[in-house]
Amino acid sequence: MKITNAYVHITSPGRNFVTLKVETDAGLYGLGDGTLNGRELAVASYLTDHLVPCLIGRDPFQSEDIWQYFYRGAYWRRGPVTMAAIGAIDVALWDIKGKALNTPVYNLLGGKSREGVMVYAHANGKDIDHALEDVAHHKELGYKAIRVQSGFPGLASTYGVPKGPGRYEPAERGLPPEYDWATEPYLRHVPRLFARVREQFGEELHLLHDCHHRLTPIEAARLGKELEPFHLFWLEDPTPAELQDGFRIIREHTTTPIAVGEVFNSVWDAHDLVRNQWIDYLRMTITHGGGITAIKKAADFAGMYHVRTGFHGPTDLSPVCMAAALHFDTAIHNFGIQEHMAHTDETDAVFPHQYFFKDGYMFPGDGPGLGVDLDEARAKKYPYQRAYLPVNRKLDGTLTDW
Ligand code: CS2
Ligand code: MG
């Protein structure tokens, strides 16, 4: 079998998605997600202008050699744009392989290690009372695990909470919006939030919280320690992870489990975090981490150190990535949990798929390949619109992490 063509489709059903379609001389095709929120065109060009010319004519079954070719052959290795492009190609090749062998991708990764994949939803609110209402709503939907974020006194808005009615979507069209941040009121607020959640919903519900890279290691250590009575499933992105050693400080002070990695694009970004057991969950996504081939290596390395997966699964990764993640989650031994921000109906219509949600778990479907498609005619109705993630500034104007 040979690859005959590969096309990049950019569509924007409510938000931008980059999809690679790889066609073969056997009439089979595969899909990969190359979406990088706020930098979509960079990945599209990296694919169209640099990688696709080198892909034509290759055997789609040679996923390992093709991955190594694009990773080592670039000379300039790693980075979010490069690895999202390589990830899109890699996932498309696994999709083709599953279709050619008439088997779901999870069977190519060791088969089912579990029937369903536990997922967590996002609950949020402008204050604690509204956040509690949203927790109740998602518990009613059947989620066993819920991430809780809320606004707090002193800030007009904060990460993870919609500014108005409607769903939370971080990227905004136009130039990057600028928001305020204040750490001290946040650190006072979060323990109060989780005290109220536990008081109202009890101990059984798995609770998660995302600090979104905003604390220093010692601030994160303080928060982790003060959250210990509420037994969180994890505290996410407590501090920027360029300094992996910063997580040693957090670990020395608290038993609250730590999750990190959604912005990682190489296992080397997590090398010290994993081998020193400074984290409990690795959140690298299949798209941004370089595809199934790369993430399998990272997950196996993490598993040696009791670190489990907890893939990033926001609306800014397409249903193609979600499908790949669910097949992967179904097969690997050290699965932890899967993030599930449900896509909009218009997005689901552009990407018809087999996966489904039921009673707190998701199931990848048992059709060949990934079980997801791209409705190209429908995709064309939603042209790309430049959008950016926000920028954060401290109250004194200092630029900080969003
Ligand atoms: C967040 C993401 O879901 C999460 O854990 O950190 O929604 C993140 O803000 C977006 O993916 C950024 O594009
Ligand atoms: Mg996050």
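## Lining of the largest cavity

By class, the lining of the largest cavity comprises 5 nonpolar, 5 polar and 2 charged residues, where Ala, Val, Leu, Ile, Met, Phe, Trp, Tyr, Cys and Pro count as nonpolar, Asp, Glu, Lys and Arg as charged, and the others, Gly among them, as polar. The structure is a predicted model, in which local features need pLDDT of at least 70 and side-chain atom pairs count only at pLDDT 80 or more, while totals for chains, interfaces and linings use all residues. Residues are numbered from 1 along each chain as its sequence is written, chains are lettered from A and ligands numbered from 1 in the order in which they are written, and side-chain values use heavy atoms, with hydrogens and water left out.

The lining consists of Gln149, Ser150, Phe152, Thr158, Tyr159, Trp181, Tyr186, His209, Asp210, Cys211, His212 and Arg214. A cavity is a set of points, on a 1 Å grid over the protein atoms alone, where a 1.4 Å probe fits but cannot get out, and lining residues have an atom within 4 Å of a point. About 70 Å³ of space lies in this largest cavity, and the whole structure holds 3 cavities of 30 Å³ or more. Grid points are joined across faces, edges and corners, and a volume is the space filled by probe spheres set on the points. Strands β5 (145-150) and β8 each contribute at least two residues to the lining; strands (E, at least two residues) and helices (H or I, at least four) are DSSP runs numbered from the N terminus.

## Magnesium site

Asp210, listed in the cavity lining, is also a protein donor of the magnesium ion (ligand 2), together with Glu236 and Glu262. The donor atoms are OD of Asp210 and OE of Glu236 and Glu262, and they lie 1.9 to 2.2 Å from the ion. Donors are N, O and S atoms within 2.8 Å of the metal (3.2 Å for Na, K and Ca); water is not among the atoms, so sites may look incomplete.

Along the sequence the donor residues follow the spacing D-x25-E-x25-E. Distant parts of the chain are linked by the pair of aspartate 210 in strand β8 (residues 206-210) and glutamate 236 in strand β9 (residues 234-236), which are 26 residues apart. Aspartate 210 is buried at a relative accessible area of 2%, and glutamate 236 is buried at 0%. Buried means under 20% relative accessible area, exposed over 50%, and partly exposed in between (1.4 Å probe, protein chains only).

In strand β4 (residues 117-125), 9 of its 9 residues are buried. Val117, Val119, Ala121, Ala123 and Gly125 point one way, whereas Met118, Tyr120, His122 and Asn124 point the other way.

Strand β4 pairs with β5 in the parallel sense over 6 bridges, pairing being assigned if DSSP finds at least two bridges between two strands. Within this pairing, asparagine 124 has glutamine 149 as its bridge partner. β4, helix α4 (residues 128-141) and β5 together make a right-handed β-α-β unit; right-handed means that, with the strands pointing away from the viewer, the path from the first strand over the helix to the second runs clockwise. The pairing of β4 with strand β13 (residues 338-339) is also parallel, over 2 bridges, with glutamate 339 as the partner of tyrosine 120. Strand β15 (residues 361-363) runs antiparallel to β4 and is joined to it by 2 bridges; here valine 117 is partnered by methionine 362.

Strands β7 (residues 178-181) and β17 (residues 391-394) are parallel and share 4 bridges, with aspartate 180 opposite arginine 393. β17 and β18 form a hairpin with 4 residues between them, and glycine 397 in the turn has a positive phi of about 95°.

## Loop residues

Asparagine 102, in the loop between α3 (80-100) and β4, has a positive phi of about 55° although it is not a glycine. Asparagine 102 is exposed at 60% relative accessibility. Glutamine 277, in the loop between α8 (271-275) and β11 (281-282), also has a positive phi, near 55°, and is partly exposed at 38% relative accessibility.

Glycine 371 occupies the loop between β15 and α12 (376-379) and is buried at 12% relative accessibility. Glycine 371 and valine 105 lie 8.9 Å apart, C-alpha to C-alpha, with a sequence separation of 266 residues.

Note on methods:
On a 1 Å grid over the protein atoms alone, a cavity is a set of points where a 1.4 Å probe fits but cannot get out, and a pocket is an open set with protein on both sides within 12 Å along at least five of seven lines; lining residues have an atom within 4 Å of a point.
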